[in-house]
Amino acid sequence: MNITKRDVLELRRRLKKTECSITRICGCYVNSGKQTVLKFDEPFLDLDDEEFFKYLEIAKKTLSGSLGANLLELEFDRTDEAVERQQYLLALKQSKLKNEELIDRLYEQIIEHYAYAGNYLILIYHDVYDVMTKTTDNIKVDESEEVYEYLICSICPVELSKPGLGYREEENRIGARERDWVVGLPDLGFVYPAFSDRGSDVNAVMYYVKTGKESHPELVEQVLGCISQRTAAEEKKVFHEVIQNAFEEDEDEADTALLKIQKTISGLVLESEEDEESAPVSLTRETVSGLLAEAEVPDEARERIERSYVEAFGDMPPVAHNIVDKKMAEEAARREQTMALQQKVEVLQQRLQEATGDRADGENPPWADGQHKEIILQLPEDKLDAVETRVLDGQKCIVIPVEEGESARINGVEKEI
């Protein structure tokens, strides 16, 4: 991955009133029947303040999230069709959104391939960023290093506002509020060219997916010509399905194994986070095999998991950070603590039983078979040094001094002294 968190933050910080340099904005409103309702195209700085800040918020949201999780760095495929799409995106950028034919082509491609059932708004921004040179200590100097010209495309759901009551001023009464169509924050979007190492990378696209939403690979492949990737949420979901399917109908065993595996993955993530210079842990087939062995997954289920894992992820294994589920890891730790406490209780109960002679009805004491030769005594520590052995009337005996006020219990029965 070439795009860094610093690159993303540098772009985001510019999207405010005082530093914004977006030149144009174009939009296309599409209904649920995939029909174009309206299109618009205007200079961005000519917008009214209220519209200006709302559109700016949408653009800024398209640059939000975590790299590798819901901000994906996509590379173009090597097919002729992908090369053509890359060239088209370059031409669209260079047109500065003043070529209606090129703009309409993007709208048409999205409408044709975007698998979405509701209404949505396609927005395209054109921006030019005069990248200032920075010293080694990140201090800007008054000298341009590069001119980064790029596009932001945001695809926003348009939904009816929720029903409710409101004040009807003309009628001076409370009544049903009129519902209207509201543009939400984007579900998907992309930036092209990508901003990498404080410069333009024409061979990459930064792709945004709202957390919890689908990545829509059909849009990535058919519209952008890029190789699709899963978001962190999608990778986690596929990983869980691989584990659960391996146990067929035994859900309890599958859940137990998944909890143990998540606890182990959590440990890997914590180790990598402690070492700031270490690369993210990649969950290769070999790594997963080790996780399964540590989780004591049965051999038959382990073979099925490894086979399905390779089929699901191929040569693009996810990183551990994307797969880890902190809640499941914590639940696994709680279960282990509970089991450890239960084992301690059982050991203590056993010791207590041995000490008091308490036993179940019908159970013979250990010496009942006449073969048991071991005598077990339990004394306060301050009495241990006083115990001695003597021969009395030819019989070897254990002698325990008893002081006034002390009592004794033998096999759970109190003994008069």
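This is a predicted model: local features need pLDDT of at least 70, side-chain atom pairs count only at pLDDT 80 or more; totals for chains, interfaces and linings use all residues.

Reader: Then what share of the contacts between residues at least 6 apart in sequence join residues at least 24 apart?

Author: Take the contacts in the protein whose partners sit at least 6 apart in sequence. Within that set, the share joining residues at least 24 apart is 63%.

Reader: How many helices and strands are there, and what part of the protein counts as buried?

Author: The secondary structure comes to 11 helices and 16 strands. As for burial, the cut-off is under 20% relative accessible area. Of the 417 residues, the part that counts as buried is 36%.

Reader: Let's go to the helices. How do α6 and α9 run relative to each other, parallel or antiparallel?

Author: Helix α6 covers residues 232-246 and helix α9 covers residues 299-313, with their axes 8 Å apart. They pack at an angle of about 150 degrees. Angles over 145 count as roughly antiparallel. The two helices are therefore roughly antiparallel.

Reader: And which class do the residues of that contact fall into, nonpolar, polar or charged?

Author: On the α6 side you'll find E235, V238, F239, V242, I243 and A246, and they meet A301, R304, I305, S308, Y309, A312 and F313 of α9. Split by class, the contact has two charged residues, one polar and 10 nonpolar.

Reader: What about α8 and α9, parallel or antiparallel?

Author: Helix α8 spans residues 285-294, and its axis comes within 10 Å of that of α9. The two axes cross at roughly 155 degrees. That makes α8 and α9 roughly antiparallel.

Reader: Which handedness does the crossing of α8 and α9 have, left or right, and which residues of α9 make the contact?

Author: The crossing of α8 and α9 is right-handed. From α8, the contact uses R285, V288, S289, L292 and A293. The α9 residues are R302, I305, E306, Y309 and V310.

Reader: Now I323. Is it buried or exposed, and which residues does I323 touch?

Author: I323 is found in helix α10, residues 320-323. Its relative accessible area is 0%, so I323 is buried. The C-alpha atoms of I323 and K237 are separated by 8.4 Å, though these residues are 86 apart along the chain. Not counting residues up to four places away in sequence, I323 touches E235, K236, F239, Q262, I265, L283 and P318.

Reader: Last topic, cysteines. How many disulfides are there, and how far from C156 is the nearest cysteine sulfur?

Author: Searching the whole structure turns up zero disulfides. C156 is in no disulfide, and its nearest cysteine sulfur belongs to C153, at 9.0 Å.

How values were computed: Residues are numbered from 1 along each chain as its sequence is written. Side-chain values use heavy atoms; hydrogens and water are left out. Axes are lines fitted to C-alpha atoms, for helices over the stretch in contact, and angles run from 0 to 180 degrees between N-to-C directions. Helices (H or I, at least four residues) and strands (E, at least two) are DSSP runs, numbered from the N terminus. Angles under 35 degrees count as roughly parallel, over 145 as roughly antiparallel, 65 to 115 as roughly perpendicular and the rest as oblique. Contact means heavy atoms within 4.5 Å. Ala, Val, Leu, Ile, Met, Phe, Trp, Tyr, Cys and Pro count as nonpolar, Asp, Glu, Lys and Arg as charged, and the others, Gly among them, as polar. A disulfide is a pair of cysteine sulfur atoms within 2.5 Å. Buried means under 20% relative accessible area, exposed over 50%, partly exposed in between (1.4 Å probe, protein chains only). A crossing is left-handed if the near helix is turned anticlockwise from the far one by less than a right angle, and right-handed if clockwise.
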